[in-house]
Amino acid sequence: MKIKKAVLDIIKTCKAVEERRLNPFLIDFLSSIKILRKYLALCKTFKDYCLDGKALNALSKVIELQNAQLLFQSSKLYVNPEILKRKIYSLSLEDLTNVFLKSWHPIIEMEQLTLQSIINGLSYWRNFSPYRKIKIVKSNSKAPTIVNGKTLRKNENLSSLMVKLWKEMIELTGEKEKIDYWMFIRKNDFSTTVKRAYVTSFLISYGYAFLIKCGDKLYLSPNKKFEKINYNEQVSFPISIKKEEA
Amino acid sequence: MEKEKFYSNKIKTAVHLIFFKRGKKPGVKEWELKEKIGEKYVEVLAQLNEFLKELDLEVVKIKEENELFSEKAEARYIARLKGNLSLTEAKLCGWRIDNLAALAISLSYLIVNQGKALKKDLEKILEEKIGKWKAANLIDSFIKAGYLNENEEKIISIGWRTKAEVDLKELIKTILEA
C-alpha cells in the first residue's frame with residue numbers, strides 16, 4: 001500500500017515539526033491533503049479511518065504551529081536564530097554574563113527553618129551510611145558485616161517461618177514420634193522444598209526438632225518442650241537436595 | 001480633594017507574606033493577599049513599592065503556570081531586585097560566570113525558538129561554550145531552580161523563575177547590541 005506509507009510519512013513529518021525538529025512551513029499542505037483524500041476513498045476498516053483522522057489531526061497541529069510562528073515573528077522578540085547563534089559564539093563567557101546581568105532582576109526570598117524542613121533534613125542525613133564505616137568495609141574484607149534493617153527484617157521473617165514450620169511438624173507427626181524427613185520438606189516445587197529444608201535446618205540447630213538417622217532413612221522429631229540446644233552436641237549433617245527429588 | 005489613606009499595618013502584613021518563603025515557590029498568591037489584606041491590596045502594594053524603591057527592590061505580579069484545574073491563570077506577587085547586580089555581586093551570591101553565561105545562552109536560544117527546544121539541541125549549543133559534561137549538569141540545575149522546564153518528551157521550555165526574574169526583550173536586545 002503505497003498510499004498508506006505516504007499517510008504514515010505525513011504523520012511522521014508532522015511529529016518532527018511538533019518536536020521542533022522541522023520548520024512548520026516546510027510541509028506541503030496541498031499535496032498532503034490530496035494524499036489524505038485519496039486514502040479516505042480507499043479506507044475500508046475502522047483502523048484505516050483512525051489513521052486518516054490521526055494524519056488530519058497532525059496536519060491541523062502544524063497549522064497551529066505555523067500561526068504561532070507568524071505571531072512570534074511579528075513580535076519584538078523575533079530574531080533570526082542563525083544571527084543569534086553567531087552572536088553567542090562570538091561573545092566571551094564574561095561578556096555573556098554582563099549582558100545577562102543587565103536584564104536579570106533576581107527574586108528576594110528569605111528561607112526559614114520549619115518543622116517540616118527539619119524532619120526532611122534529618123531523614124536525608126540519616127539515610128547516609130557514615131563515611132568511615134563505608135571505608136572500613138571497602139578496605140578490610142574481614143570487617144564485620146553491618147546489620148541493616150533489611151537483614152533484621154529477614155531474621156524476623158525467618159523466625160516466623162520457623163514457628164510456622166515447627167507447628168506444621170507437630171501437626172503432621174500427630175501421635176507418632178517422628179516423620180519422614182523427605183515427606184516433610186518436599187513440596188510441589190523445588191524452590192519451596194529448598195526453603196523448607198533451609199528453615200528445617202534452623203529448627204534442628206536451635207533444638208526445636210531432632211534429626212534421626214535410621215539406616216538410609218532420615219526422620220524428623222519435633223521437640224514439643226522447647227528445649228534449648230546443647231551446643232556441645234551440635235553436629236553438621238549435610239543433606240543434598242536434587243531437583244529430581246523435589 | 002480626598003486624602004490618600006496610609007495602610008501601615010497592612011504594608012507590614014504584605015511584607016511578611018511576600019518576603020518569607022513558605023511554600024516551594026517564593027512570594028504570595030493573589031487570592032491569599034486579598035484574603036489577608038483585603039480588597040485594597042493593590043493600593044497597599046503600591047505604597048509598599050514606594051518604600052522598596054529606595055532599597056532598589058520592587059514587588060511585581062507574575063502569572064502562575066500549570067494551573068490545570070483553574071480556567072483563569074492564578075497570579076503571584078514576588079519581591080525582586082529593581083536594578084541590576086554587578087558581576088562581583090553576582091559572584092558573591094554564589095553564581096559562577098560560566099553558569100550565568102550558560103543561563104543567558106539557554107534563554108536566548110529558547111526565545112528565538114519560540115520558547116521551546118529539544119534538550120539535546122540545547123545541550124549541543126551549550127557544549128560549544130562550556131563543555132559537554134557541564135552542559136547537561138547545568139541544564140538540570142536550571143530546571144531544578146525553575147529557570148527552565150522539561151516535559152516527558154525532553155522538550156525544554158522557559159520556566160516560572162525566568163518569567164519572574166528576566167526581562168527577555170532586554171536580554172535579546174543587549175545580546176544583539178553587544
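In the predicted model, strands β2(A) and β3(A) form a hairpin in which two residues lie between the strands. Gly215(A), in the turn, has a positive phi of about 65°. The two strands, β2 (residues 209-214) and β3 (residues 217-222) of chain A, run antiparallel and are joined by six bridges. Within this pairing, Phe210(A) has Ser221(A) of β3(A) as its bridge partner.

Chain B contains an open sheet of three strands, arranged in the order β1-β3-β2 with antiparallel pairing. The edges of this sheet are β1 (28-29) and β2 (57-63) of chain B, each of which pairs on one side only. Between β2(B) and β3 (residues 75-81) of chain B, the antiparallel pairing extends over seven bridges. Lys63(B) is placed opposite Ala75(B) of β3(B). In general, the strands of a sheet pair through backbone hydrogen bonds, in either a parallel or an antiparallel arrangement. Helix α1 (residues 8-19) of chain B lies across β1, β2 and β3 of chain B, and runs at about 90° to β3(B).

The contact between the two chains involves 35 residues of chain A and 46 residues of chain B. On the side of chain A that touches chain B, at least two residues each are supplied by α3 (46-73), α4 (81-90) and α5 (93-102) of chain A. The largest share of this side, 10 residues, comes from α5(A). By class, the residues of the side of chain A that touches chain B comprise 19 nonpolar, six polar and 10 charged.

Helix α5(A) also packs against a helix of the partner chain. The axes of α5(A) and α5 (residues 97-112) of chain B come within 8 Å and cross at roughly 65°. Crossing angles of 65 to 115 degrees count as roughly perpendicular, and α5(A) and α5(B) are therefore roughly perpendicular to each other. The crossing of α5(A) and α5(B) is left-handed. From α5(A), the contact is made by Leu93(A), Glu94(A), Leu96(A), Thr97(A), Val99(A) and Phe100(A). The contributing residues of α5(B) are Ile97(B), Asp98(B), Leu100(B), Ala101(B), Leu103(B), Ala104(B) and Ile105(B). Taken by class, the contact of α5(A) with α5(B) consists of 10 nonpolar residues, one polar residue and two charged residues.

Methods. Residues numbered from 1 in each chain as written. Chains lettered and ligands numbered in written order. Predicted model: local features only at pLDDT ≥ 70, side-chain atom pairs only at ≥ 80, totals over all residues. Contact = placed C-beta atoms within 7 Å. Helix = DSSP H or I, 4+ residues; strand = E, 2+ residues; numbered from the N terminus. Nonpolar A, V, L, I, M, F, W, Y, C, P; charged D, E, K, R; others polar. Pairing = 2+ DSSP bridges. Axes fitted to C-alpha atoms, helices over the stretch in contact; angles between N-to-C directions. Parallel < 35°, antiparallel > 145°, perpendicular 65-115°, else oblique. Left-handed = near helix turned anticlockwise from the far one by under 90°.
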